[in-house]
Amino acid sequence: MKILLVEDDPAMRSTLERALARRGMQVEGCGDGLRALAAWQAGGPDVVVLDLTLPGLDGLQVLEAARQRGLATPVLVLTARGTVGDRIIGLNSGADDYLPKPFDLDELEARLHALARRRGDAAPANGGGSRVGALRHDRGSGAFYVRDEVLELTPREAALLQALMARPGHAVAKEKLFELVFPGQADVQYEAIEVVVYRLRKKLAHTGTVLMTLRGLGYLLKAA
């Protein structure tokens, strides 16, 4: 299980990183809100453990921004704020669970496993796939999902997106994409690939991913 641990206290963060790692988890630690949001988008964690009191952006701002960008990762809010009001605010902002400090490590581990299982149960069955930001490709069905909802694409848009998601963060040559999107269609003008890119880019506008044009190299898909 891959955990993003967002905690501004270096001693607490280091202690939790070691404790969770000993329990078989892969932990990425982060100490401020802005870096946490970037790491969340780029890393694809299974569960986020999020403190509320953070520099840069506070925990609630990180959570709200992540949900607005389509990041559906389960979130356990871990904080010294233990009042009912703070708990309600956190849950209303998109948190899935709430554990006030001080806490027991066994309870933390149990809650993390429960959130990971809940996410697995909610995800559509698939035969493997790839993920960029909140966008996921299910190789078994061929469908693309955003926030576990199907992204409606034409066959050509789907072929283009599949090729880009196979190499996230890397440029794919325009010539290669043309061959995949218009196989064996010699009568189609080369510039037609740009039309497909334009339409796909519009559909990806609110998915937490960016389709970039790299002059002389081709196109690249990455988390926003």
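## Helix 6 and helix 8

Helix 6 (residues 155-165) and helix 8 (residues 192-203) have axes that come within 10 Å and cross at roughly 85°. Helix 6 is therefore roughly perpendicular to helix 8 (65 to 115 degrees). Axes are lines fitted to C-alpha atoms over the stretch in contact, with angles from 0 to 180 degrees between N-to-C directions.

On helix 6, the contact (heavy atoms within 4.5 Å) is made by Arg 156, Glu 157, Leu 160 and Leu 161. Helix 8 contributes Ile 193, Val 196, Val 197, Arg 199, Leu 200 and Lys 203. By class, six of these residues are nonpolar, none polar and four charged.

## Model and numbering

The model is predicted: local features need pLDDT of at least 70 and side-chain atom pairs pLDDT 80 or more, while totals for chains, interfaces and linings use all residues. Residues are numbered from 1 along each chain as its sequence is written, and side-chain values use heavy atoms, without hydrogens and water.

## Leu 217

Leu 217 sits in the loop between strand 10 (209-214) and strand 11 (218-223). With a relative accessible area of 53%, Leu 217 is exposed (over 50%, 1.4 Å probe, protein chains only).

Beyond its neighbours within four places in sequence, Leu 217 is in contact with Ala 171, Val 172, Ala 173 and Lys 174. Val 172 and Leu 217 are 45 residues apart in sequence, and their C-alpha atoms are 7.1 Å apart.

## Chain totals

The chain has eight helices and eleven strands, taken as DSSP runs (helices H or I, at least four residues; strands E, at least two). Of its 224 residues, 41% count as buried (under 20% relative accessible area).

Definitions and conventions
Parallel < 35°, antiparallel > 145°, perpendicular 65-115°, else oblique. Nonpolar A, V, L, I, M, F, W, Y, C, P; charged D, E, K, R; others polar.
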